[in-house]
Amino acid sequence: MEGVSGDRAAETSLPLAKWRSDFSRAFQYYLDRSTPHLVGRWIGTLAVAAVYMLRVYLIQGFYIVSYGLGIYLLNLLIGFLSPRVDPELEVDGASLPTRGSDEFKPFIRRLPEFKFWYAITKAFCVAFVMTFFSVFDVPVFWPILLCYWIVLFVLTMKRQILHMIKYKYVPFNIGKQVRSQ
């Protein structure tokens with residue numbers, strides 16, 4: 001008897017698995033096609049963020065979700081601004097150049113731009129969906145959360161900027177690089 005019900009479950013899950021596979025393949029196709037369109041992707045993410053912020057503003061709630069989103073975005077930003085190999089931890093000499101006579105090594109991010117964009121966009125979408133469930137609307141005094149997040153942001157960015165200055169790396173490519181002799 002169990003074999004019959006197991007066969008039915010397999011038959012009903014087969015179309016679902018096929019649909020999931022087709023959807024995943026189509027989603028990956030469009031994601032791959034969006035890769036070279038940097039400005040368009042970021043404009044889309046800004047639109048998603050604006051819709052989320054408008055929703056939070058209009059319903060006057062879900063501040064704890066916004067705070068969690070802010071902490072996650074700060075974590076992503078640190079990964080985006082950090083080199084793949086931390087010069088402080090590198091012992092074998094494969095670190096970033098610190099003198100003009102050192103060999104040039106390009107800056108390689110710990111979190112590439114595309115993954116950074118994708119994670120931010122997913123985070124805003126998940127936070128938006130969370131605003132439809134009252135269980136996530138925890139009553140908090142939002143100005144304290146905002147002040148705490150600003151202090152956390154300032155201290156984290158100060159540490160990151162001092163790290164950049166100490167090891168002389170710039171995580172942005174602005175124009176053509178001119179090598180100074």
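Me: Why are H3 and H5 called roughly parallel to each other?

Reply: This is a predicted model, and in it H3 and H5 pack at an angle of about 5°, with their axes 10 Å apart. Angles under 35 degrees count as roughly parallel, so H3 and H5 get that label.

Me: Which residues make the contact between those two helices?

Reply: On the H3 side, they include Tyr63, Ile64, Tyr67, Gly70 and Ile71. H5 brings in, among others, Trp142, Leu145, Tyr148, Trp149 and Leu152. By class, the residues of this contact split into 16 nonpolar, 3 polar and no charged.

Me: What makes Tyr52 count as buried?

Reply: Tyr52 sits in helix H2 and has a relative accessibility of 3%. The cut-off for buried is under 20%, so Tyr52 counts as buried.

Me: What is Tyr52 in contact with, once its neighbours within four places in sequence are left aside?

Reply: Its partners are Phe62, Val65, Ser66, Leu69, Phe124, Ala127, Phe128 and Thr131. There's also a pairing across the sequence to look at: Tyr52 and Val129 are 77 residues apart along the chain, with 9.2 Å between their C-alpha atoms.

Me: Phe62 turns up in that list, so how do you know whether it is buried or exposed?

Reply: Check its relative accessibility, which is 6%. Buried means under 20%, so Phe62 counts as buried. Phe62 lies in the loop between H2 and H3.

Me: Why is Val85 called partly exposed?

Reply: Val85 has a relative accessible area of 39%. Buried is under 20% and exposed is over 50%, with partly exposed in between, so 39% puts Val85 in the partly exposed class. You'll find Val85 in the loop between H3 and helix H4 (113–130). Val85 and Ile108 are 23 residues apart in sequence, and their C-alpha atoms are 8.2 Å apart.

Me: Which helices line the second largest pocket?

Reply: Helix H2 (38–59), helix H3 (63–81) and helix H5 (142–167) each supply at least two lining residues. H3 gives the most, with 6 residues. The lining has 16 residues, and those nearest the pocket's centre are Tyr52, Met53, Ser66, Tyr67 and Leu146. The space in this pocket comes to about 570 Å³.

Me: How many residues of that lining are nonpolar, polar or charged?

Reply: The lining has 13 nonpolar, 3 polar and no charged residues.

Me: Zooming out, what elements does the protein chain have?

Reply: There are 5 helices and 0 strands, running α-α-α-α-α from the N terminus on. Of its 181 residues, 25% count as buried. Among contacts between residues at least 6 apart in sequence, 85% join residues at least 24 apart.

Definitions and conventions:
Residues are numbered from 1 along each chain as its sequence is written. This is a predicted model: local features need pLDDT of at least 70, side-chain atom pairs count only at pLDDT 80 or more; totals for chains, interfaces and linings use all residues. Side-chain values use heavy atoms; hydrogens and water are left out. On a 1 Å grid over the protein atoms alone, a cavity is a set of points where a 1.4 Å probe fits but cannot get out, and a pocket is an open set with protein on both sides within 12 Å along at least five of seven lines; lining residues have an atom within 4 Å of a point. Grid points are joined across faces, edges and corners, and a volume is the space filled by probe spheres set on the points. Helices (H or I, at least four residues) and strands (E, at least two) are DSSP runs, numbered from the N terminus. Ala, Val, Leu, Ile, Met, Phe, Trp, Tyr, Cys and Pro count as nonpolar, Asp, Glu, Lys and Arg as charged, and the others, Gly among them, as polar. Axes are lines fitted to C-alpha atoms, for helices over the stretch in contact, and angles run from 0 to 180 degrees between N-to-C directions. Angles under 35 degrees count as roughly parallel, over 145 as roughly antiparallel, 65 to 115 as roughly perpendicular and the rest as oblique. Contact means heavy atoms within 4.5 Å. Buried means under 20% relative accessible area, exposed over 50%, partly exposed in between (1.4 Å probe, protein chains only).
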